[in-house]
Amino acid sequence: MPNLENLKKQAKQYLRWHRQRYYPVAAEIRAVLPRFQHLGDSEILEANFKLSDAQELVARQMGFEGWLALKSGAQSMSTQFKRTALRPVLASTSAQLFVSDIQVSCSFFTDKLGFTIDFIYGEPPFYGQVIRDKARLALRLVCEPVFVGDIREREHLLSASITVDTADEIKQLFLDFQANGVPFHQTITKEPWGARNFIVLDPDGNLILFAGPAG
């Protein structure tokens, strides 16, 4: 087992990351501490998070029930038991889009597609996330081309796929986007496999599929 002093330093590091609003730490907190598991990244970073919470995070990562159990060496549950007794549930997914300007990209998704900004990180910004309902899109700044030429449009290489539940929703979504002047790689189409979809083209050439049942 790692030295206790090192674990104390690790807990303090988690606390600093939380205070600095370092977004990757939010996912670790949500995955390990039950009272945070229903919160989004921004909500976690705005929540009250104390040193005792950070210590509990470290203890649970080590397979202990809490910090006191870790200190005493009384392991309440072995890591092996936890792995076999609990089936991990994938709570959400987020596609990552490569963009040349975080602010321009955020404006497109909010003004044209009805998303809201979940967070923007860095000064100047180099990472961010936009959300609409249960759909999340991460935005990653890149300063040089990731794809060769127009291969994405030629090969229809999707950067993200987003679904709705009903035929009426996919039709209304297309009409809303069309009214907002959204550029399309493919307008609304009924596919042979029973879906109705369309593909949006963002300012950086990312192809985003919106799909629903044909009805």
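Where is the place of F147? F147 sits in the loop between strand 4 (135–141) and helix 8 (151–155). Helices (H or I, at least four residues) and strands (E, at least two) are DSSP runs, numbered from the N terminus.

This is a predicted model, where local features need pLDDT of at least 70, side-chain atom pairs count only at pLDDT 80 or more, and totals for chains, interfaces and linings use all residues. Residues are numbered from 1 along each chain as its sequence is written, and side-chain values use heavy atoms, with hydrogens and water left out.

- Four strands form an open sheet in the order 1-4-3-2, with mixed pairing. Two strands pair if DSSP finds at least two bridges between them.
- Strand 1 (95–99) and strand 2 are the edge strands; each has a single partner strand, so one side of each lacks a neighbour in the sheet.
- From one strand to the next, the twist averages 20 degrees.
- Strand 1 and strand 4 pair in the parallel sense over five bridges. Q96 stands opposite A138 in strand 4.
- D118 belongs to strand 2 (residues 116–121). D118 is buried, at a relative accessible area of 16%. Buried means under 20% relative accessible area, exposed over 50%, and partly exposed in between (1.4 Å probe, protein chains only).

**The hairpin**

- Strand 6 (residues 184–190) and strand 7 (residues 195–201) run antiparallel, joined by four bridges.
- F184 stands opposite V200 in strand 7.
- Four residues lie between strand 6 and strand 7 in this hairpin. G194 in the turn has a positive phi of about 95 degrees.

**Salt bridges**

- The whole structure holds eight salt bridges. Each is a side-chain nitrogen of Lys or Arg within 4 Å of a carboxyl oxygen of Asp or Glu.
- R30 and D41 meet in one of them (2.9 Å, N to O). R30 lies in helix 2 (residues 24–32) and D41 in helix 3 (residues 41–46), so the pair ties together parts 11 residues apart in sequence.
- R30 is partly exposed at 25% relative accessibility, whereas D41 is buried at 11%.
- E56 and R35 also form a salt bridge (3.1 Å, N to O). E56 is in helix 4 (residues 51–61), and R35 is in the loop between helix 2 and helix 3, 21 residues apart.
- E56 meets R60 as well (2.9 Å, N to O). R60 and E56 both lie in helix 4, four residues apart, about one turn of the helix.
- A network of salt bridges links R35, K50, D53, E56 and R60.

Methods
Axes are lines fitted to C-alpha atoms, for helices over the stretch in contact, and angles run from 0 to 180 degrees between N-to-C directions.
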